Amino acid sequence: EVKTLANAVDLYRIKKNKLPESLNDLVPGEVKELRKDPWGMDYVYIRSGGDDFEIISYGPDKAQGGSDDISSNAKQGS
């Protein structure tokens with residue numbers, strides 16, 4: 001799911017020549033709906049400047065940091 005969302009963000013960027021402000025901007029164009037991660041939490045979308053972004057699920061402990069976080073580590077546009 002993290003990879004799917006990262007691909008949807010990249011498609012949005014290609015179509016609109018900018019990154020979305022939030023994952024909500026992907027609906028309904030790039031994805032039908034935003035689902036929760038497997039632990040019932042929202043995915044976190046971080047824009048880090050330029051075309052760089054990251055999508056994160058905090059994993060089963062539902063807390064930022066730690067070895068169970070799942071990240072797209074997306075460095076788009078490079």
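Predicted model: local features only at pLDDT ≥ 70, side-chain atom pairs only at ≥ 80, totals over all residues.
Buried here stands for under 20% relative accessible area, with exposed being over 50% and partly exposed in between, for a 1.4 Å probe and protein chains only.

## Secondary structure and sheet

The protein has one helix and three strands, which follow the pattern α-β-β-β along the sequence; helices (H or I, at least four residues) and strands (E, at least two) are DSSP runs numbered from the N terminus. The three strands form an open antiparallel sheet in the order 1-2-3, two strands being paired if DSSP finds at least two bridges between them. Strand 1 (44-49) and strand 3 (70-71) stand at the edges with a single partner strand each, so one side of each is left without a neighbour in the sheet.

Strand 2 and strand 3 pair in the antiparallel sense over two bridges, and Ser57 stands opposite Ile70 in strand 3. Helix 1 lies across strand 1, strand 2 and strand 3, and runs at about 155° to strand 2; the axes are lines fitted to C-alpha atoms, for helices over the stretch in contact, with angles from 0 to 180 degrees between N-to-C directions.

## Overall dimensions and burial

The radius of gyration of the protein, taken over C-alpha atoms, is 12 Å, which agrees with the value near 12 Å for a compact globule of 78 residues, the globule rule being 2.2 Å times the number of residues to the power 0.38. Along its principal axes the C-alpha trace spans about 35 × 25 × 15 Å.

Buried residues make up 32% of the 78 residues, and of the contacts with a separation of 6 or more, 33% come from residues 24 or more positions apart.

## Basis of the values

Residues are numbered from 1 along each chain as its sequence is written, and side-chain values use heavy atoms, with hydrogens and water left out. Local features need pLDDT of at least 70 and side-chain atom pairs count only at pLDDT 80 or more, whereas totals for chains, interfaces and linings use all residues.

Note on methods. Contact = heavy atoms within 4.5 Å.
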